[in-house]
Amino acid sequence: MCFACWLALILLTAALQGGASKRPAKKASITLNDCLACSGCVTSAETVLITAQSKEEFYKHAARDDEVMVVSIAPQATASLAAHFELSMPETLRRLTHFFSGLGVRHVLDTTVARDFTLEETYAEVVARLRARGRLPQG
């Protein structure tokens, strides 16, 4: 699970349980052993970034007026949250959007559109190369 999805799960769970805990948050610790090989998001560089971040850091940046905070959520994370809370996918997205907007986040994006756009562009590139050369480059 990528950091944004993990943070969304923590924040949404806290919100649905009546707010954040009064106990100080523990610093996240994720290693390459935690990787599920879903999309290669946990690399050694990102492990360092994740270790240095917390929900307090997220709240601090979300509350600033001079920054535009954008949250992107993968459909896999939405599906997991929907299943956990027994909600539909659209209802889960609506609640996530409402929740993050309440924290000062300006845009909540579903990454499905970006994935679809990438697939269309890849298809167009492959077709263009096939038409131009009659075959794809090797190697």
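Start with the buried side of helix 4: Pro-75, Ala-77, Thr-78, Leu-81 and Ala-82. Buried is under 20% relative accessible area and exposed is over 50%, with a 1.4 Å probe and protein chains only. The arc is taken from the directions from the helix axis to the C-beta atoms. On the other side of helix 4, Gln-76, Ala-83 and His-84 are exposed. Just after helix 4, Glu-86 has a positive phi of about 55°.

A note on the source. This is a predicted model, where local features need pLDDT of at least 70 and side-chain atom pairs count only at pLDDT 80 or more. Residues are numbered from 1 along each chain, and side-chain values use heavy atoms, without hydrogens or water.

Now helix 5, residues 89-102. At its start, a side-chain oxygen of Ser-88 comes to within 3.1 Å of the backbone nitrogen of Glu-91. Thr-92, Leu-96, Phe-99 and Phe-100 are buried in helix 5. They fall within an arc of 90° seen down the axis, so they line one face of the helix. Pro-90, His-98 and Gly-102 are exposed on the other side of helix 5.

How do the two helices meet? The axes of helix 4 and helix 5 come within 9 Å and cross at roughly 100°. That makes helix 4 roughly perpendicular to helix 5, a label for angles of 65 to 115 degrees. The contact (heavy atoms within 4.5 Å) involves residues of both helices, including Leu-81 of helix 4 and Leu-96 of helix 5.

Note on methods. Helix = DSSP H or I, 4+ residues; strand = E, 2+ residues; numbered from the N terminus. Expected span 1.5 Å × (residues − 1). Polar contact = N/O pair within 3.5 Å; in protein donor to acceptor, adjacent residues only side chain to side chain. Axes fitted to C-alpha atoms, helices over the stretch in contact; angles between N-to-C directions. Parallel < 35°, antiparallel > 145°, perpendicular 65-115°, else oblique.
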